[in-house]
Amino acid sequence: MQDRPSLADLAIKAGPAQRRRSVAVKIGDVTVGGEAPIAVQSMTNTDTADVEATVKQVAALARAGSELVRVTVDRDEAAAAVPHIRDRLHAAGIDVPIIGDFHYIGHKLLAEHPACAEALAKYRINPGNVGFRNKRVSQFDAIIDKALHYDKPVRIGVNWGSLDQELLTLLMDDNGRMEKPLPATAVMREAMVRSALLSAGRAEELGLAKEKIILSAKVSDVQQLIAVYRMLASRCDYALHLGLTEAGMSSKGLIASSAAMGILLQEGIGDTIRYSLTPEPGGDRTLEVKACQELLQTMGFRQFLPIVSACPGCGRTTSSLFQELARDIQNHIAERMPAWRETYPGVERMSVAVMGCIVNGPGESKHADIGISLPGTGEQPAAPVFIDGEKATTLRGPNLAADFTAMVEEYVARRYGGETARRDDAA
């Protein structure tokens, strides 16, 4: 009969693997890689030549919490607009670093629009379409030359939808001559990793420091993304930009991106992330920022907003009161956070529970900083409130929601303001 494990054997540490060691890259005032927190970034979908629309969207993304914002620079009009976008944002007090996304003619645009080259905080180039045939090397070199001249970091972003076909063909031919050829997908992953590393090596040969290089290797398949980033991470210490490309719309895009990036982040891989979500027509572009924040927060990497835990509801919670209260509390916190963040340092670490019945309600409420257990079907019309693990009071009546919201406000002021907050910070 097998011995039972001891308590020491069961003491498995919860949490992610140790973060992969990577070189830190400075982009404006934001650091990516090294020991810096995993950075949140996003990309506009406006026509960059439309200065007003792009400024408005960059501002919205930055205010939502995007620490880096990328814009398309695809033609002369877009390149000419970049310094005006930068200046308008600065005038509005928004200093988020702007990244230029270049394809096909990046070398030409950077050469002909020096104000654009200077205004951007980073250049993103794709080795699969930076140039073709005999122009590939010279045009790649020209972009790196501008990065050196203006002291800008570069992301070398490989994408399986625009992979270097010459390199892929070479590797496929080599694979075909093997006694036991590998699957085509394995060769494609190797082509992506090799394209990124060869391009980064060339940039270093030209004088671009490793501290100025970020790599990415994006695909739209979850398992392929996990595999290719594991390969890339094992073969270099460049900072890595993580994201599932062309993730899709709605829940599909959110779930696929979260599944892929969640696994990689748990393994310590990834220094900055983006959700490449397809927005609904007229939809809110800031959703991709909120998704990044929620992924990092729920996995315990960073704190952006207080966490509101709420039960899913069942036959015991036929009343919609707990659903409405959970929604209202979450909205109230989001609305109050700009002011709270300024006045109450550390409030983003607060946890709130809104539970719907007696089964898990009291227990979950005790685990939160402040929580309420609402009455379920057949229960007494009373809602105990727990603060710091202890029952504080019981709320009743039609003003229950307003009373609990007021208690949350009081808790924030007491817990994160004044002498209490300073003592807790010191501890």
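## Overall build

Two residues are in contact when heavy atoms of theirs lie within 4.5 Å. With that in mind, 66% of the contacts in the protein chain with a separation of 6 or more are accounted for by residues 24 or more positions apart. Please keep in mind that this is a predicted model.

The protein chain has 427 residues, and 48% of them count as buried. Its secondary structure comprises 14 helices and 17 strands. The C-alpha trace spans about 80 × 70 × 45 Å along its principal axes.

## Helices H6 and H7

Helix H6 covers residues 165-176 and helix H7 covers residues 184-205; their axes come within 9 Å and cross at roughly 135°. The crossing is right-handed.

On the H6 side, the contact is made by Leu167, Leu168, Leu171, Met172 and Asn175. H7 contributes Ala184, Val187, Met188, Glu190, Ala191, Arg194 and Ser195. By class, the contact of H6 with H7 has eight nonpolar, two polar and two charged residues.

## Helices H7 and H8

H7 also packs with H8: the two axes come within 10 Å and cross at roughly 45°. That angle makes H7 oblique to H8, and the crossing is right-handed.

Which residues of H7 and H8 make the contact? From H7 they are Thr185, Arg189, Glu190, Met192, Val193, Ala196 and Leu197, and from H8 they are Gln224, Ala227, Val228, Met231 and Leu232. These residues divide into eight nonpolar, two polar and two charged. Glu190 is listed in the contact of H7 with H8 and also in that of H6 with H7.

## Helices H8 and H9

Next along is the pair of helix H8 (residues 222-234) and helix H9 (residues 250-266), which pack at an angle of about 25° with their axes 9 Å apart. Angles under 35 degrees count as roughly parallel, so H8 is roughly parallel to H9. The crossing of H8 and H9 is right-handed.

Here Val222, Leu225, Ile226, Tyr229 and Arg230 of H8 meet Ala256, Ala259, Ala260, Ile263 and Leu264 of H9. The contact of H8 with H9 has nine nonpolar residues, one charged residue and no polar ones.

## An aromatic pair

A pair of aromatic rings is described by the distance of the centres and the angle of the planes. The structure holds two such pairs. One of them is Phe102 with Tyr123, an edge-to-face pair with 6.0 Å centre to centre and 90° between the planes. Phe102 lies in the loop between strand E5 (98-101) and helix H3 (106-112), while Tyr123 is in strand E6 (residues 122-125), so the pair ties together parts that are 21 residues apart in sequence.

## Around Thr54

Our last stop is Thr54, found in helix H1 (residues 51-64). Thr54 is buried, with a relative accessible area of 0%. Leaving aside residues up to four places away in sequence, Thr54 touches Thr46, Asp47, Thr48, Val71 and Ile85.

Methods. Residues numbered from 1 in each chain as written. Predicted model: local features only at pLDDT ≥ 70, side-chain atom pairs only at ≥ 80, totals over all residues. Heavy atoms only, no water. Axes fitted to C-alpha atoms, helices over the stretch in contact; angles between N-to-C directions. Helix = DSSP H or I, 4+ residues; strand = E, 2+ residues; numbered from the N terminus. Parallel < 35°, antiparallel > 145°, perpendicular 65-115°, else oblique. Left-handed = near helix turned anticlockwise from the far one by under 90°. Nonpolar A, V, L, I, M, F, W, Y, C, P; charged D, E, K, R; others polar. Phe/Tyr/Trp six-rings, centres within 6.5 Å; stacked < 30°, edge-to-face > 60°. Buried < 20%, exposed > 50% of the residue type's maximum accessible area, 1.4 Å probe, protein only.
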